[in-house]
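Please open the structure in your viewer and keep the selection tool at hand. The tour below goes from one selection to the next and says what is found at each stop.

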Amino acid sequence: MSRRIPAAPPRWGRLLAALTAVTVVAGALVATAPAPAQAATRTIVSLTFDDANADQLSALPALKTNGMKATFYVPSGFIGAAGHMTRTDLTTVKNAGHEIGGHTVTHPDLAAVSVDEAKRQICTDRKNLTSWGFSVRSFAYPFASSTPEVEKAAAACGYNSARGLGDIRSRFGCPDCAYAESTRPADPYYLKALDQVDATWTLDDLKAGVTNAEKNGGGWVTFTFHDVCDDACSELAVTSGVFAQFTAWLKTRASAGTVVKTVGEVIGGSVKPVVDGPTVPAVTGSTNGVVNPSLEQGAPDCWMRGGYGSNSPAFSTGSPAHTGSIASAITMSNYVDGDAKLLPQFDLGQCAPTVTAGKTYTLREWYQSSGVTQFAVYLRSSTGAWSYWTSSPWFAAAADWTQADWTTPAIPAGYTGISFALTIFGNGTLRTDDLQLYDSAGAPALPAASTTSPALAPSAVTAPQGPVEKVNPTESVVAG
């Protein structure tokens, strides 16, 4: 996991015990006992959940039974996608008294993108969640990855705090760290938390995260969960039974001065106004809107692997290329259905071209293919969520480098970005290079040679005309 590493481990002072109040009675100083709640509270525990995975709803009964409220950090671009919560689910979480926090739109590594893209991701996510009826004060960095500039972006977007991971001592790491964050953090835009809970954590590990803090002066301990399921659904899963046992045990720690609060309750502060992120101009004229169209640039290279269905694609890059020294190659085997492709990164504008509703766009890409191929086209909505839109007709197989050329229908209302690529949907090999996108009104003319328009495929080919699934954003995050 990539995360921001402090220059040196901070030295944490222990929290002071509750002070005894003093009043004056008949000219004499008389000690009075503090209020019981103030005297008891020494350790605060926050239970947080990342990524809005649908199975996190399995945690709600245990939280309700034990009277606990949690913080759910939500990447708004995932909402409604397969395996993730719906907006109705989020409302259910909110109505149960839990906090909804931000986690970017598409869950990128914020330290690896431009500062403007980071601002778009952070601000747009908060804007989306606010428009859906949630009061959003708290944020968590995807992959716990940040920089000082990204921290400033979180503050500028209106958040009161931002959480990291792995900066509290446990058997899983950070042996030189303190056992708890301060309840008044020195840096509220990089809150220290335990390592994320995964399938290797036991009930005793969860308990130790609390008791270690209790034995060492108290403070603030934040747990981070991803999946709550009973069928080993992921490497980051905890079973619903273990979670229920942990929360039931945690409730008994009130006698030791331990309470459970949401992140927003600990940090406090008002809900700030929504802030827009930086804008990206739409593609116009005869300028190619694709970033790194020939795959020759280094990171961030702006490409990602995509695909779906039952098949086994092998991705590679290198020669022979149409231009330069790098082209994409996909060799497909064990094909049953679906497709595979290398396409521009799904993001908010650093890589994916910005488009204008109502306009048409010319798509071009050089290819060599053992079978027919076609463009698959995806659109980004105004909220930043990505979904499949349409596919071109088929282009014939080509042994020599051939340029596919196709103009889209008009971009529908409510969509602002585009990603596309030629796909392979059968056993064989597809090589691609030099992707291009133009506003069709300004697209440069093409030479007649080595250019092909769509044509119907031979009847013997039974591959689908195009994918019909909604993109699961967690499936397409591998750089090309």
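**A guided tour by selection**

Begin by selecting Thr-43, which, leaving aside its neighbours within four places in sequence, is in contact with Ala-213, Glu-214, Gly-218, Gly-219, Gly-257, Thr-258 and Val-259. Bear in mind throughout that this is a predicted model. Thr-43 belongs to strand β3, which covers residues 43-50, and with a relative accessible area of 1% Thr-43 is buried.

Glu-214 counts as buried at 16% relative accessibility, whereas Arg-253, at 21%, counts as partly exposed.

A search of the whole structure finds 8 salt bridges, and another one to select joins the side chains of Asp-276 and Lys-127, at 2.8 Å from N to O. Because Asp-276 lies in the loop between α8 (263-267) and β12 (303-308) and Lys-127 in helix α4 (residues 115-131), the pair ties together parts that are 149 residues apart in sequence. Here Asp-276 is exposed, at 54% relative accessibility, while Lys-127 is partly exposed, at 40%.

Finally, select Asp-439 and Lys-359, whose side chains meet in a salt bridge of 3.2 Å, N to O. Asp-439 is in strand β21 (residues 428-439) and Lys-359 in the loop between β15 (339-344) and β16 (361-369), so this pair ties together parts 80 residues apart in sequence. Asp-439 is buried at 7% relative accessibility, and Lys-359 is partly exposed at 33%.

Note on methods: Residues are numbered from 1 along each chain as its sequence is written. This is a predicted model: local features need pLDDT of at least 70, side-chain atom pairs count only at pLDDT 80 or more; totals for chains, interfaces and linings use all residues. Side-chain values use heavy atoms; hydrogens and water are left out. Helices (H or I, at least four residues) and strands (E, at least two) are DSSP runs, numbered from the N terminus. Buried means under 20% relative accessible area, exposed over 50%, partly exposed in between (1.4 Å probe, protein chains only). Contact means heavy atoms within 4.5 Å. A salt bridge is a side-chain nitrogen of Lys or Arg within 4 Å of a carboxyl oxygen of Asp or Glu.
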